[in-house]
Amino acid sequence: MKRILSFITVFALLFMACEGPQGPPGFDGFDGQDGEDGGLIVSSAFEIVLDFTPEDNYEFIEPYGFDVFPTDVTLVYISWEVDGGQDIWRLLPQTEYFNDGTLVYNFDFTQNDVRFFLDGTTDFSLLDPSYTDAQVFRVVVVPADNVGRIDYSNLENVMNVYGITEFERR
């Protein structure tokens, strides 16, 4: 008797859960090209070589040159060292330690541009030029929907996931 009563209760709850007024319509999605199926969202990327100078307050601002949505996230990697002819890339921020303080390669971004800058407690004017001149960065803009789903510290992994095969040179 208890089983029949339980079955009827579950059956009644299932039917009651399916009734009710329809909710409001959702937001329209982005328009695609007419006649084309939607495709994989690919990230935009570029490579840039910078000199950090006192005249520019040890910073540089670079416009993207492509559309960036308000929810997109910018990642910046620095060519940290070369091992056997191959660049080793590290996700910013990255810190160097000296006897007199620290040097931090850092960045911030808006929907329009990315700013590269030196931060830290060391006197930047006393740095060897190897720390300030011809620094190579790779910038990748990724859709926020995917942030946290992969290990972003590995540039090669990011390139594979987002289908990046080359970086525009600036």
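Me: Which residues does Q135 touch, leaving out those up to four places away in sequence?
Reply: This is a predicted model, and in it Q135 touches I48, V49, L50, F52, I78, Y105 and S130.

Me: OK, and is Q135 buried or exposed?
Reply: Q135 counts as buried because its relative accessible area is 8%, and the cut-off for buried is under 20%.

Me: What does the side chain of Q135 reach at 2.9 Å?
Reply: That would be the backbone oxygen of S130. S130 is also one of the residues that Q135 touches.

Me: Which strand is Q135 in?
Reply: Q135 lies in strand 8, which covers residues 135-142.

Me: How does strand 8 pair with strand 1?
Reply: They pair in the antiparallel sense, over seven bridges. For a spot to look at, find S44, which stands opposite V141 in strand 8.

Me: How many residues of strand 1 are buried?
Reply: Five of its seven, so strand 1 (residues 44-50) is mostly covered.

Me: And what about strand 9, how does that run relative to strand 1?
Reply: Strand 9 (residues 168-169) runs parallel to strand 1, and two bridges join them. In strand 9, E168 is the bridge partner of F46.

Me: Switching topic: what's the mean pLDDT of the chain?
Reply: It's 84, with 76% of the residues at 70 or more. Over residues 31-40, though, the pLDDT is below 50. That stretch has zero contacts in the model beyond near neighbours in sequence.

Me: How should predicted coordinates be read where pLDDT is low?
Reply: Not in detail.

Note on methods. Residues numbered from 1 in each chain as written. Predicted model: local features only at pLDDT ≥ 70, side-chain atom pairs only at ≥ 80, totals over all residues. Heavy atoms only, no water. Buried < 20%, exposed > 50% of the residue type's maximum accessible area, 1.4 Å probe, protein only. Helix = DSSP H or I, 4+ residues; strand = E, 2+ residues; numbered from the N terminus. Pairing = 2+ DSSP bridges. pLDDT = per-residue confidence, 0-100. Contact = heavy atoms within 4.5 Å. Polar contact = N/O pair within 3.5 Å; in protein donor to acceptor, adjacent residues only side chain to side chain.
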